[in-house]
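Please view the sequence and the structure before reading on.

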Amino acid sequence: KIFILTNCGKIWWDLMGRNRPLHHQLKYAVMQSYRHRGQRRQFKQQWQELDKAYERGDITFEEWLKEKSKIWFVASRGDFWRGNRHKEGYLDSLIKFANNFGRWIQSEFKVKRACDITPEMAQLFLECKAKEGVRATTLKKYVSMIKALNLACAKTYGLKWNFKFAKGIYVPQHALQQEARTIRIEPKDYERVINSEYFQKSKSKAKIGIILARHFALRVNEIAKLKYGDVVLDERAIPDSLQRFMVGKSPYNAYLIIRNSKHGLHRVIPAHTEKEYELLKSIKEHQIKNNILDDVEIVGLDKDSVNTFFRRCLKACGLVDYVEKGVNIHGLRKLRASELFLEKLKEIYTNVYAGKNMPLKKKIYLSFKKAGAYVDKYLGHENKSKGKQHLKREGRWDLIKKYQLDVLKAEDIAIALSECRLDYKTALETVKEVLTDLN
């Protein structure tokens with residue numbers, strides 16, 4: 001065994017020696033990186049500032065690793081690591097994970113030293129765990145822990161060993177899309193439903209509700225409460241008290257008013273496309289033709305009836321996978337949200353950031369943020385101040401990821417950016433890096 005004598009007179013084991021198992025090297029790195037007594041608040045603030053700078057693209061992975069490895073880890077109950085709370089101390093969780101991760105890497109790749117672990121090996125570990133049925137929320141914690149191990153190794157053994165096995169790793173997309181709350185109805189499947197014989201011959205009032213949910217990203221309880229008077233074909237017809245709840249301007253001067261939705265929030269949704277305008281116009285024409293009053297409900301069914309009819313349509317079309325996974329009208333809401341996110345992303349990147357002198361990663365990150373905030377408002381999500389959503393345009397990252405980023409593939413986002421004159425391969429690589437940091 002090799003001994004290294006430090007200036008302080010302490011003797012350190014070189015745990016990357018050939019006789020030390022890989023999982024022991026990782027566990028030792030974790031133990032040596034923790035400081036059980038220290039200025040926890042100061043360390044935490046420095047830690048989070050570096051994380052935010054890396055997310056924005058202000059610094060590279062190498063710079064992030066170099067600066068962050070100078071900061072002590074602090075033993076805590078989990079709040080030191082953003083997004084992770086555990087019943088046991090995070091130190092204990094990290095040591096257990098280091099043991100499992102190290103054993104798996106050594107078994108699969110015969111790696112003997114921690115410095116020989118590559119990002120591809122770490123990504124394959126996540127892919128295998130996803131195939132074993134590990135949930136996306138747990139995989140996100142694994143990504144965080146692999147980053148922690150990378151930092152611990154850099155701090156303990158030194159930056160000269162070039163530890164980069166956490167660079168570019170991400171939660172596998174198929175794992176994210178297996179959870180009911182992150183599954184969207186695919187456009188081709190929606191078309192299959194509304195063109196099916198079952199849907200066409202049905203006389204259920206839920207039919208119009210399904211179409212409205214797909215084009216305006218409505219919740220099922222919003223569909224149930226929607227009235228004819230909430231369809232407006234002239235901005236001047238919107239009541240003064242609701243003007244401040246307008247999500248944006250419609251090029252067709254057509255709007256759908258959602259009153260007293262979740263948390264008592266209102267919103268006025270603009271018709272962005274010709275299809276949306278024609279849909280609202282047809283509802284209004286039906287009202288005028290049949291002399292229907294404004295306070296009459298358009299669907300006139302409770303939310304359970306709407307969801308039941310939609311599930312029957314899915315079964316009739318052979319789309320039983322959606323039904324088995326518990327997907328309902330909310331899948332259509334996510335479909336529209338993801339489409340609108342890509343539309344806004346292209347618009348914002350082209351008009352705001354394309355010509356600016358800043359790193360590409362930062363341009364894409366800021367475009368994500370602005371596009372996500374718009375869609376968040378369009379969906380009627382509450383923010384931390386809930387009732388003041390209409391006054392604050394800051395989106396909530398947890399909801400932006402759940403409704404927009406997690407339901408899309410990195411390739412879909414890269415294709416959208418390539419339409420803004422970006423090289424596809426460069427865009428894809430940068431998008432994956434941004435998504436990794438957000439996880």
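Buried means under 20% relative accessible area, exposed over 50% and partly exposed in between, with a 1.4 Å probe and protein chains only. Helices (H or I, at least four residues) and strands (E, at least two) are DSSP runs, numbered from the N terminus. The model is predicted: local features need pLDDT of at least 70, side-chain atom pairs count only at pLDDT 80 or more, and totals for chains, interfaces and linings use all residues. Residues are numbered from 1 along each chain as its sequence is written, and side-chain values use heavy atoms, with hydrogens and water left out.

Helix 10 is mostly covered, with nine of its eleven residues buried; among them are Ala206, Gly209, Leu212 and Phe216. Just after helix 10, Ala217 has a positive phi of about 55°.

Two helix pairs are set out below. Axes are lines fitted to C-alpha atoms over the stretch in contact, and angles run from 0 to 180 degrees between N-to-C directions.

| Helix pair | Axes come within | Crossing angle |
|---|---|---|
| Helix 5 (residues 119-131) and helix 6 (residues 136-157) | 11 Å | roughly 160° |
| Helix 10 (residues 206-216) and helix 12 (residues 274-289) | 10 Å | roughly 145° |

In contacts (heavy atoms within 4.5 Å), Ile208, Ile211, Leu212, His215 and Phe216 of helix 10 meet Lys275, Glu276, Leu279, Leu280 and Ile283 of helix 12. In the other pair, Ala122, Phe125, Leu126, Lys129 and Ala130 of helix 5 meet Leu139, Tyr142, Val143 and Ile146 of helix 6.
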